[in-house]
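Here is a friendly briefing to read alongside the coordinates. Take a look at the chain first, then work through the notes by topic.

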Amino acid sequence: MSPTTTYTVLPFDTVTASPPELEESGRFQQVLAAERVPEDPPMSIEALISRMSTTTPSEWRAMFVARDAAGALVGMGFVGRHLNEPENAHIRWCEIGVHPEHRRGGLGRALFGALVGACEGQSEDMTFMGQTSDRVPSGDAFCAALGAEAGLGMKTNQLDLATVDRGTVQAWAARTAPGYRLELVTERMPDELMDAALEAANGMNDAPMGTMRFAEERMTADQVREREAWARTAGMVRRTIVAVHEATGAGAGFTNLSYDPRIPHVVQQGGPAATSGPRGPCRRQRVDTRLRPRRPPHRPSGPSAPAGG
């Protein structure tokens, strides 16, 4: 970028934004995704807008966009927190994306400054957290320039379902564990299963936390209902399996899937966790798995994406 380029950082509200502005923000996110996962086809603009626009009653957030002198959108920033998560009230989750042609000129810092300013007066104890990808090295460089510290390294596994041995998977699925049963939840978590599901989900508190200032959270039924509502509004399909200990009715483990029909090439798998105690050994981990229903028909071309600046 030219050292003489000037930018304007402005608040962005998905409620008041015009349809062209929302589409522009979706296309900008496509640019960012193309650098992180160049093997994937472009994500649906409609899906990106839905996820960006959908919120919940307990969410506080602020968003900003950066425009160059010609008015083009070249950066976006987000900061937020959930008011119903008291254990980590000090954490502000944030995202910053800068177009690759406009990095290393202070734009990322300007966006981060706007995010911090939006939180002014909320608390004297705040920690800003976000994620970077080793596929976008500028993200780590930007965080280092800010003085941020890496808190926890994570790994994303990818499985191409076209290469899976279906017979082996069916054999695994047919196995039984004496004393346990598996409950499949396709839409709304049944009230009678909620306690077991919460116990299983809270098993994630034993997953690695690294050096992050992240306290143990106790998920509640209200949080589950809120997340279900968010997924429905955002157009997501969710599936959860809860393992239940027959003798006690306690939650012994879980795993879940989320899928957007408008983005057919990726299914996200979360968890899994298996609780410890009298029901067996503890096995918990933080896993993010991309399940690919089929290989994308092409590799997208065009500009790549974001992180700092």
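In this predicted model, helices α1 and α2 pack with their axes 9 Å apart and at an angle of about 105 degrees. Axes here are lines fitted to C-alpha atoms, for helices over the stretch in contact, with angles running from 0 to 180 degrees between N-to-C directions. The two helices, α1 and α2, are therefore roughly perpendicular to each other (the class for 65 to 115 degrees; under 35 counts as roughly parallel, over 145 as roughly antiparallel and the rest as oblique).

**The helix contact**
- From α1, the residues Leu22, Glu23, Ser25, Gly26, Arg27, Gln29 and Gln30 meet Ile45, Leu48, Ile49, Met52 and Ser53 of α2, where contact means heavy atoms within 4.5 Å.

**Ground rules**
- Residues are numbered from 1 along each chain as its sequence is written, and side-chain values use heavy atoms, with hydrogens and water left out.
- Because the model is predicted, local features need pLDDT of at least 70 and side-chain atom pairs count only at pLDDT 80 or more, while totals for chains, interfaces and linings use all residues.

**The chain overall**
- Of its 309 residues, 41% are buried. Buried means under 20% relative accessible area, exposed over 50% and partly exposed in between, with a 1.4 Å probe and protein chains only.
- Among contacts between residues at least 6 apart in sequence, 67% join residues at least 24 apart.

**Salt bridges**
- The count comes to 15 salt bridges, each a side-chain nitrogen of Lys or Arg within 4 Å of a carboxyl oxygen of Asp or Glu.
- Glu35 and Arg103 form one of them, with their closest N and O atoms 2.9 Å apart. Glu35 sits in α1 (residues 19-36) and Arg103 in the loop between β4 (91-98) and α3 (107-118), so the pair ties together parts that are 68 residues apart in sequence. Both Glu35 and Arg103 are buried.
- Arg51 bridges to Asp260, the closest N and O atoms being 3.7 Å apart. Arg51 belongs to α2 (residues 45-53) and Asp260 to the loop between β9 (251-259) and β10 (267-274), so parts 209 residues apart in sequence are tied together. Arg51 is partly exposed at 30% relative accessible area, whereas Asp260 is buried at 1%.
- Arg51 and Asp260 also belong to a salt-bridge network that includes Glu46 and Arg262.
- Asp191 and Arg225 meet in a salt bridge of 2.6 Å, N to O. Asp191 lies in the loop between β7 (180-185) and α6 (194-201), and Arg225 in helix α7 (residues 221-234), 34 residues apart. Asp191 is exposed, at 55%, while Arg225 counts as buried at 19%.

**The open sheet**
- Five strands form an open sheet with mixed pairing, in the order β1-β2-β3-β4-β5; two strands pair if DSSP finds at least two bridges between them.
- The edge strands, β1 (7-11) and β5 (127-129), each pair on one side only.
- β1 runs antiparallel to β2 (residues 59-68) over five bridges, and Thr8 stands opposite Arg67 in β2.

How values were computed:
Helix = DSSP H or I, 4+ residues; strand = E, 2+ residues; numbered from the N terminus.
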